Structures are given as structure tokens and as C-alpha cells.
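Q: I have a model open and want to learn to read its features. Where do we begin?

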Amino acid sequence: MKRLIAATALSLLALHGYARDTMKYSSYAFDEDKPWQENDTALPDYPAQPDWVGFYVTNTFTNQAAIDAKSLSIDSDHVIRYVLQVKSPAGAENLSYEGLRCSGRLNKTYAFGDTTNHRWIKSQKADWKPLPDELRGRVRTLFCENGTPLDSNAAVALLRAAPKQ
């Protein structure tokens, strides 16, 4: 009986050491344990025939905002990517290709649109940053639910149903 207890105790000690070493060198068996990594992102074609869908931002936002529904995508890295158009009351148009991370409330601008030559100009500072303004905050409320991105079809449907003014 003493041998059985001793063998059991030694086995438990060995398993504890093995488990401790395995945890130290984990291979991230669960996706939520992995450090987040962004997928490679290629710039989309410049929008030739965009499907602009406008949306209301706030009563203090004087510009008009729209997203090209054709450009909206949600990748396996859980980043929502889209082409954003902002028009001033004077008619100036700005385009940007952006990404949104729902979970971290982060935004990244990949490129800016050259509306004269119809091409993208890569951002020199394409880094993830906290949502910079009420416009990107509104995009987050449209496309994220409890810190998780909606699928692209649901996101486009919500965008189309969102108040315009």
C-alpha cells in the first residue's frame, strides 16, 4: 500500500512539472489566448462605381459621411475594412480606406483617396489608434456589437437602415 501511495505521489509531481512546463511553452490551443495579429491588407481598387450609403453622425457633425457598401469587408482577423467618404458643406470630398477593431475601439487609416487622379496614396502613419473622433465612433456603433464585428451582410444592412439625418 505504501508503494502505491508513493508511486501515485511521484506521478502527480511529475505531471505537475510537465503541466507547468507545457503551460510555459504553450502553443495557444485556444484562439482567444493568441496574441492578436493583423492580416496582410492590400488596398482595394479605387472606387469606380461606388455604392455610397450615407449615415447620420451627430447633430454637431456638419459634413456628410458615407461608406462604399461594396468595399465593406470583415476579415478573419476581425477587422472591419471600408472606404469612407466625407463631404464638406462646400463640396470638398475626402476618401480614406480604413480599418476598425471593435474589441479595442481602434482605427487605422491605410490610405487616402486622390480624387483627381483616382488612386490611393498609402498612409505614412498607418498605425492602430484609439477612435479619433465622433465619426469613427459612429462607424463603430453601426458595425460592432458588444465588442465584436457583425458579419459583412449584417453590417451593410444596418448601414442601409441607419438614420441619414
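Q: Which residue caps the N-terminal end of α3?
A: Asp 151 does: a side-chain oxygen lies 3.0 Å from the backbone nitrogen of Asn 153. Helices (H or I, at least four residues) and strands (E, at least two) are DSSP runs, numbered from the N terminus. The model is predicted: local features need pLDDT of at least 70, side-chain atom pairs count only at pLDDT 80 or more, and totals for chains, interfaces and linings use all residues. Residues are numbered from 1 along each chain as its sequence is written, and side-chain values use heavy atoms, with hydrogens and water left out.

Q: Which residues of α3 are buried?
A: Buried means under 20% relative accessible area, exposed over 50%, partly exposed in between (1.4 Å probe, protein chains only). In α3 (residues 152-161), Ala 155, Val 156 and Leu 159 are buried. They fall within an arc of 95° seen down the axis, so they line one face of the helix; the arc is that of the directions from the helix axis to the C-beta atoms. Asn 153 and Ala 161, on the other side, are exposed.

Q: What do the buried residues of α3 pack against?
A: They pack against β1 (52-55), β2 (64-68) and α2 (134-143).

Q: Where does confidence fall lowest in the chain?
A: pLDDT is the predictor's confidence in each residue, from 0 to 100. Helix α1 (residues 2-24) is lowest, at a mean of 50, and strand β7 (residues 119-122) is highest, at 97. Over residues 18-26 the pLDDT is below 50. Beyond near neighbours in sequence, that stretch has zero contacts (heavy atoms within 4.5 Å) in the model.

Notes:
A polar contact is a pair of N or O atoms within 3.5 Å; within protein, one must be able to donate a hydrogen and the other to accept it, and residues adjacent in sequence count only if both atoms are side-chain atoms.
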